[in-house]
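Please walk through this model with me, one feature at a time.

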Amino acid sequence: MKLVLIGCPGAGKGTQAKVLSEHFHLAHISTGDLLRDQVKSGTPLGLKLKTIMESGGLVSDEIVSQLLRQRIAEDDCKNGYILDGYPRNVSQAEGLDDIVGSLDKVVLIEVPDEAIIERMSGRRSCPVCGAMYHVKNNPPKTEGVCDKCGGGLVARSDDNPETVKHRLDVFHSQTAPVIDYYDKKGLVLKIDGTKDIDVISGELIEILEKL
Ligand SMILES: [Zn+2]
């Protein structure tokens with residue numbers, strides 16, 4: 001099975017990718033991880049990538065395609081794979097067709113922007129022990145204080161509502177054409193991402209098992 005997983009930041013894409021990859025024995029391929037692995041490996045390509053990424057530049061589609069091609073040739077991809085974070089634009093989607101042939105489904109996890117903003121702006125973490133909280137969904141016993149170690153909880157600066165809103169706008173403008181592209185091919189499977197994680201996984205598995 002070959003899947004593409006699309007969801008905005010905070011939609012729970014990573015969690016679902018993990019569940020699906022375990023259930024169907026699929027490799028979970030994140031292009032971000034692929035790039036970071038190259039950098040760590042210190043190959044000539046890795047060194048080149050390091051320079052590009054450190055200067056805030058964009059890695060070319062050509063390089064990402066090349067890495068993807070190598071990755072899906074690996075043993076753990078024999079059963080199939082889930083692509084997470086790719087393609088981000090139509091030209092990448094077209095390139096992907098050349099690399100993987102036909103996809104089985106493009107799973108779109110949909111969560112309204114307001115819900116994402118609430119999810120992300122309510123996150124708090126403990127800088128001492130790393131524990132994570134949410135002011136509404138998973139509050140500490142005492143407001144602002146870590147249950148485990150008594151550390152003072154902090155919000156990440158990029159979780160503030162304005163920043164999250166901006167990231168969502170960027171996501172929608174980049175992704176809408178990709179969703180259209182796959183919609184025309186009849187591949188898009190829309191899932192309501194506001195439900196509980198287990199409910200979403202259950203629905204996804206049930207639908208995908210029938211493919
Ligand atoms: Zn703590």
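**Helix packing and a zinc site**

Helix α1 passes helix α8 in a right-handed crossing. A crossing is right-handed if the near helix is turned clockwise from the far one by less than a right angle, and left-handed if anticlockwise. This is a predicted model, where local features need pLDDT of at least 70, side-chain atom pairs count only at pLDDT 80 or more, and totals for chains, interfaces and linings use all residues. Residues are numbered from 1 along each chain as its sequence is written, and side-chain values use heavy atoms, without hydrogens and water.

Helix α1 spans residues 13–24 and helix α8 residues 197–209. They pack at about 45 degrees, with axes 10 Å apart. Axes are lines fitted to C-alpha atoms over the stretch in contact, and angles run from 0 to 180 degrees between N-to-C directions. Helices are DSSP runs (H or I, at least four residues), numbered from the N terminus.

Now the metal. Cys126, Cys129, Cys146 and Cys149 coordinate the zinc ion through their SG atoms at 2.3 Å (donors are N, O and S atoms within 2.8 Å of the metal, or 3.2 Å for Na, K and Ca). Their spacing in sequence is C-x2-C-x16-C-x2-C. The donor angles are 99 to 118 degrees, so the arrangement is tetrahedral (four donors, all angles between 85 and 135 degrees).

Technical notes
Four donors count as tetrahedral if all angles lie between 85 and 135 degrees; four count as square planar and six as octahedral if opposite donors are over 155 degrees apart and all others between 65 and 115; anything else is irregular. Helices (H or I, at least four residues) and strands (E, at least two) are DSSP runs, numbered from the N terminus.
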